[in-house]
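Reader: Please present the model, and then let us discuss its helix packing.

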Amino acid sequence: MDRSAAFDQLREAAVEVLHVDASAVTEDARFKEDLDADSLALIEFVMALEERFDITVPEEELDGVTKVGQALDLVMAKLPASA
Amino acid sequence: MTVVAPRPRARPAARPASPPTRLPFRIGGLGAAIPGGRLTNADLAARVDTSDSWIVERTGIRERRVVGAGQATSDLAAAAAFAALADAGVGPDAIDALLVATCTPDMPLPSTASFVARTLGVRCAALDLTAACAGWVYGLVTAAGLLVSGVSSSTLLVGAEVLSQWMDPTDRTTLPLFGDGAAAAVLVAGEGPTGPGLVAWDLGVDPDACDLLTVPAGGSRRPATADTVAAGDHYMKMQGREVFRRAVRTVESSCQTVLHDAGVPASAVALFVPHQANARIVDAILPRIGLTAAQTMVNIDRYGNTSAASIPLALCEAAAAGRLAEGDLVLLAGFGAGMTWGTALLRWGYTGSGPASPRSLPA
């Protein structure tokens, strides 16, 4: 899956779980300041990403993830490499 | 797994088509008791680095009840038991089994049930049951088994906790969450597969998660010493983020299992009574199961997390508020340290005179 397709999925998850407009979800958007997502909302969001992408994100890996782009990097690193 | 197509939930005049009751019992009475002491978010903000708005947003809790000096778990349990017996219109001698679901006994020995039995003046089978926040649901399934088998004809099932004793006064991640309280039900043998009782249930433990929520010292693994107390190892330790994740997923999975076993869609559930651990956990779970806030009983704002007392306390308040009717399908879901889970789908049948509001016990 390429980064753009993954970002579309991630944005859908954000709209669903964080209750924000799709337009607010950009790679530079900060979870807390721009998307009003506290630490629990971030956990819920990452759970949704785990389920959508069939990946596992140990909760320690969330430390330091403050922007949408960083969450996308996390997802991309865990997706199987394309053939 | 076959998916049952959702159908619109009606409030029918006639009894709706419903799955058979596998473990019949009737609830003869309900009662609850809470300590009079209140610990508000403002009180907490004066003690640790937190605020009312932070606590309310993260947990949904505004205040919790805490025991005063001289009040222990069995005091709350006995008061709840008396209230349930009064609601049932029977005396303590009507009971032939006393189950106290608690993880906060008066003492390591004897059981809290022993002290409750002393206060009630009974000599029947009496035991404590520990499954943390799944304790009352575990107790309900156990009691249903005792009633169906004839081991008991009338069981008093109490959920009672004093969690305030385990709170590290410097730990702002646990201090706001937990409270004290008790609630009880008188359960009597039921009528059969079309009457009230347990329709489906799911109990389990995830032992990989044993270490996520503990009170490490004071038991056989690490007996209490001056050193363990100095280190604060008699306080509760919790990995909150991982507990949150597992709570949401496990309750979702267990509820889906129970609804599937019963062959009913979420829309058929008249009332969902989840363990009141954190309002955000409940918020996360509802859409995953297809339940609505209108179907859900929440009283965490006034009591916090009271572990095994949480579900019966919420049930008692729901019944007192008139939210339950004969024949309603009621879904209970507990999840706690262990990590244990316990989900039960009941067909509601209650013959009490109408439970009173929880009795507040002054210190």
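Reader: Which residues of H2(A) and H7(B) meet?

Author: This is a predicted model, in which local features need pLDDT of at least 70, side-chain atom pairs count only at pLDDT 80 or more, and totals for chains, interfaces and linings use all residues. Residues are numbered from 1 along each chain as its sequence is written, with chains lettered from A and ligands numbered from 1 in the order in which they are written. Helices are DSSP runs (H or I, at least four residues), numbered from the N terminus, and two residues are in contact if their C-beta atoms, placed from the backbone, lie within 7 Å. On the side of H7(B) stand B:Arg241, B:Phe244, B:Arg245 and B:Val248, and they meet, in H2(A), A:Leu40, A:Ile43 and A:Met47.

Reader: How many residues does H7(B) give to the side of chain B that touches chain A?

Author: The contact takes six residues from chain A and nine residues from chain B. On the chain B side, helix H2 (52-59), H7 and helix H8 (279-289) each supply at least two residues. H7(B) gives the most, namely five residues.

Reader: What radius of gyration does chain A have?

Author: Chain A follows the pattern α-α-α along its sequence, and its C-alpha atoms fill a box of roughly 40 × 25 × 20 Å along the principal axes. The radius of gyration is taken over C-alpha atoms, and the globule rule is 2.2 Å times the number of residues to the power 0.38. Because a compact globule of 83 residues would have a value near 12 Å, chain A agrees with its 12 Å.

Reader: Within chain B, which residues of H4(B) make the contact with H3(B)?

Author: The axes of H3 (residues 73-88) and H4 (residues 112-120) of chain B come within 9 Å and cross at roughly 50°. H3(B) contributes B:Thr73, B:Ser74, B:Ala77, B:Ala78 and B:Ala81 to the contact. From H4(B) come B:Thr112, B:Phe115, B:Val116, B:Thr119 and B:Leu120.

Key: Axes fitted to C-alpha atoms, helices over the stretch in contact; angles between N-to-C directions.
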